[in-house]
Amino acid sequence: MALAKAINESLRRALESDPKVLIMGEDVGKLGGVFRVTDGLQKDFGEDRVIDTPLAESGIVGTAIGLALRGYRPVVEIQFDGFVFPAYDQIVTQLAKMHARSLGKVKMPVVIRIPYGGGIGAVEHHSESPEALFAHVAGLKVVSPSNSADAYWMMQQAIQSDDPVIYFEPKRRYWDKAEVDPEAIPGPLHAARVVREGTDLTLAAYGPMVKLCQEAADAAAEEGRSLEVLDLRSISPVDFDTVQASVEKTRRLVVVHEAPVFLGSGAEIAARITERCFYHLEAPVLRVGGYHAPYPPARIEEDYLPDLDRVLDAVDRSLAY
């Protein structure tokens, strides 16, 4: 099924399994969301459980915090990535802090769904990649699936978590299809996964860039180069052990994400792997990402976003050491 459909089916299963699960957001009910991710859920579960909210992101998240305090498990949709900032205060000063503030007595089982990233030709505020802003905040879990199976199971695990989860959905991959086994036993939510074995260099990515890295590995293979591809899946916490094991084998690492390179999540990964793998590395850890500039108009977004040439250029530079 398509990635968007996988999230829909996961939400449906959660609503069926637990009467305390609620879905809230702008246009999530009658419209089914602008990407139709929640299509049909209000019709089947009612307006008391799939709630169309006002256009008020701070109010949506604040209400979700109150519901969590009363024992509910709200799943909040922020309609687009660039709309999350009015809610940033609630997320950072309340949602992320409540568990510690109460000395562990209060749980915050809130999921905040955020369609993010570019590649769909959208207008301003509709193609941002703000994941590093949330990964920097202690008390939040930050994840991003790259495929339909992970989208399904990571949503299940996020809803079951007693801690708040920021669930970034790669909107340019909503229509990519893959098999989903609803009876599978999923791995840990925050575990990285090797999606392609290789020996010469490791490409690490999450969300929308995993597919690009797999394409880069295919292209490199035509030139006799063997690239390993890691799907990080979780941005906070990061599964550094899996990254380290891969780098100790390949001795080179390139981290790829859509977000700007400057102070992006790749910076922390590069620093940590340099500390852990200093005597294994044959080249500095390189990063490929967006530019340190506002996201451009749709007509030139392809010049801003990482593409196959930029990833392969980083591979060439790393292998040249």
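Tutor: Five strands make an open sheet with mixed pairing, in the order S7-S9-S8-S11-S12. Two strands pair if DSSP finds at least two bridges between them. Helices (H or I, at least four residues) and strands (E, at least two) are DSSP runs, numbered from the N terminus.
Student: Which are the edge strands?
Tutor: Strand S7 (193–196) and strand S12 (286–290), each pairing on one side only. From one strand to the next, the twist averages 25°. Axes are lines fitted to C-alpha atoms, for helices over the stretch in contact, and angles run from 0 to 180 degrees between N-to-C directions.
Student: What should I know about the model itself?
Tutor: It is predicted: local features need pLDDT of at least 70, side-chain atom pairs count only at pLDDT 80 or more, and totals for chains, interfaces and linings use all residues. Residues are numbered from 1 along each chain as its sequence is written, and side-chain values use heavy atoms, with hydrogens and water left out.
Student: In what sense do S8 and S9 pair?
Tutor: Parallel, over five bridges, between strand S8 (residues 201–205) and strand S9 (residues 227–231). Threonine 202 faces glutamate 228 in S9.
Student: What does serine 246 touch?
Tutor: Thr202, Glu228 and Leu230, leaving out residues up to four places away in sequence. Contact means heavy atoms within 4.5 Å. Serine 246 sits in helix H9 (residues 240–250).
Student: Is serine 246 buried or exposed?
Tutor: Serine 246 counts as buried because its relative accessibility is 3%. Buried means under 20% relative accessible area, exposed over 50%, partly exposed in between (1.4 Å probe, protein chains only).
Student: Where does helix H10 lie?
Tutor: Helix H10 (residues 265–276) lies across strand S11 (253–260) and S12, at about 160° to S11.
Student: New topic. Where is serine 161?
Tutor: In the loop between helix H7 (148–160) and strand S6 (165–170). Serine 161 is buried, at 8% relative accessible area.
Student: Which residues does serine 161 contact?
Tutor: Arg73, Pro109 and Lys141, setting aside neighbours within four places in sequence. The side chains of serine 161 and lysine 141 also make a polar contact of 3.2 Å. That term means a pair of N or O atoms within 3.5 Å; within protein, one must be able to donate a hydrogen and the other to accept it, and residues adjacent in sequence count only if both atoms are side-chain atoms.
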